Amino acid sequence: MIVLEMKAVVKPNQVLAIDDAIRTVQFIRNKALRLWMDASREDKIDKYVLNKYCRILAKEYKFADELNSTARQASSERAWAAISRFYDNCKKNIKGKKGFPKFQKNNRSVEYKQSGWKLSDNRKKITFTDKKGIGILSLKGTRDLNFYPIDSFKRVRLVRRANGYYVQFCISVDIRSYSKPLEPTKHCVGIDVGLKVFYADSDGKTVEIPQYYRQAEKLLNRLNQRKSKKFKKGQKPSNNYKRARQQYARKHLRVSRQRKGFVQREALRVIQSNDLVAYEDLNVKGLAKSKLAKSVNDAAWSTFRQWLEYFAFKYGKATVAVPPHNTSQNCSNCGEKVKKSLSTRTHRCPHCLYEEDRDINAAINILKLGLSTVGHTGSKAFESEILSTLAIANGGEDASTLVGVILSEQVSSVNQESPSILRNKV
Ligand SMILES: [Zn+2]
């Protein structure tokens, strides 16, 4: 599944119609949630009950009837998603809050399935055909929708952002059929999230956090403060407040796009130059509190990981998430544990006298862990195959080259795990 997004050209009367559709989605979602909340235990509210409820709402409220029936369904599915997430959290007995579903106040999108919209012949325009009266929207952007068969367009979403309206197309295609797997580079890498740098890798390279990250952060804070100053509690929002809020939202959108661009480019570069990428399986929630607090945007790291997994899947490379366990404490040279505090930037081993940057030492440990994990995922037969390959190739071949060759054969099996994560991404 891929998502293509294009900006829509909208006229003032269309803005009203789109906003009305977006409000209706929120209304249906919240109504469905209310139905679940008020139900008794015997009522057995599930996805299908909520789906049927949409039809009842459409009979009762004219504005709900005006919205396309698949869009109504998608709205009640949103309520069900929130409910089932809550059930899941309870079942898994996660610590802290379980995320009891809340009523939504700031919905920004409406989603259609395979009806209620129609693309023009050249696919540069889209018409929304339900009774909301949105009409024809021209699509801006360089993406060519003609590239994909029309029946692979599974969903169409209209999204409101700080600087206008966007149309998203969710297209169900195997991303691998639109790209060739890359040639093996015969190289593997481990990467560690840095405290001061974006990440350090096992080759001894570090990648800095771009300067505009910090600059943008400062500016965003300032705009946010200005916004708060204009806010008067209990009063109708003033025009000054609205303007400040708009400014903040626009800047925020720009910064988040810059970040995404940086993270995406980095991830692609890493995947292009390696056959296997190992990184720590970090719990980002806990991370924000400790290691990464204020240094790197923790969200940047988790999107980085998602992009790594996405590109690895697309280009036939392997990714391994290893359990974060003493990766920064252990010596990557001799394996002894060398205790150090967060402020100690250099790893100095008293046992083997090995010295290396703290993050790079960790990255090497991560790569080692990653390689040992991968080695154990294969079947017995596969393992013996590796061993015999090793024996044959052991005529003075560089060990890392060898690993690269074996891994490229194994890629398909490792990547079996990726699609679940991928689904969250695209
Ligand atoms: Zn050592």
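Here are some friendly notes on this predicted model, point by point.

1. Let me start with the open sheet, which has five strands in the order 10-9-8-11-12 and mixed pairing. Strand 10 (206-207) and strand 12 (318-322) stand at its edges, and each has a single partner strand, so one side of each is left without a neighbour in the sheet.

2. At the strand 10 end, the partner is strand 9 (residues 199-201); the two run antiparallel and are joined by two bridges.

3. Next comes strand 11, with its neighbours on either hand. Strand 8 pairs with strand 11 in the parallel sense over four bridges, and Cys 188 has Leu 276 of strand 11 as its bridge partner. Strand 11 and strand 12 also run parallel, joined by five bridges. Here Leu 276 stands opposite Ala 318 in strand 12.

4. How many of the residues of strand 11 (residues 276-280) are buried? The count is five of its five residues, and the strand is described as mostly covered. Both of its faces are covered: Leu 276, Ala 278 and Glu 280 are buried on one side, while Val 277 and Tyr 279 are buried on the other.

5. Strand 5 (residues 135-140) is joined to strand 1 (residues 2-9) by three bridges, and the two run antiparallel. Val 9 has Ser 138 in strand 5 as its bridge partner. Strand 5 also runs antiparallel to strand 4 (residues 125-128), with four bridges joining them. In that pairing, Ile 126 stands opposite Leu 137 in strand 5.

6. Strand 4 and strand 5 form a hairpin, with six residues between them. Gly 133, in the turn, has a positive phi of about 75°.

7. Most residues other than glycine have a negative phi. Lys 186, however, has a positive phi near 60°. Lys 186 sits in the loop between strand 7 (164-171) and strand 8 (188-193). Is Lys 186 partly exposed or buried? Lys 186 counts as partly exposed, because its relative accessibility is 43% and that class lies between the 20% and 50% cut-offs.

8. Leu 353 is the other one, with a positive phi near 65°. Leu 353 lies in the loop between strand 13 (346-348) and strand 14 (355-357). With a relative accessible area of 71%, Leu 353 is exposed.

9. Which residues form the positive surface patch? They are Lys 218, Arg 222, Arg 226, Lys 229, Lys 230, Lys 232 and Arg 243. Helix 5 (residues 211-229) gives the most to this patch, with four residues. Arg 243 belongs to helix 6 (residues 239-272). Arg 243 counts as exposed because its relative accessibility is 54%, and the exposed class begins over 50%.

Technical notes. Residues are numbered from 1 along each chain as its sequence is written. This is a predicted model: local features need pLDDT of at least 70, side-chain atom pairs count only at pLDDT 80 or more; totals for chains, interfaces and linings use all residues. Side-chain values use heavy atoms; hydrogens and water are left out. Patches are made of residues with over 30% relative accessible area and no salt bridge: like charges are joined within 9 Å, nonpolar side chains (Val, Leu, Ile, Met, Phe, Trp, Tyr) within 5 Å. Accessible areas come from the Shrake-Rupley method with a 1.4 Å probe; for residues, only the protein chains shown count as cover. A salt bridge is a side-chain nitrogen of Lys or Arg within 4 Å of a carboxyl oxygen of Asp or Glu. Lys and Arg count as positive and Asp and Glu as negative; His and the chain ends are not counted. The place of a charge is taken as NZ of Lys, CZ of Arg, CG of Asp or CD of Glu. Buried means under 20% relative accessible area, exposed over 50%, partly exposed in between (1.4 Å probe, protein chains only). Two strands pair if DSSP finds at least two bridges between them.
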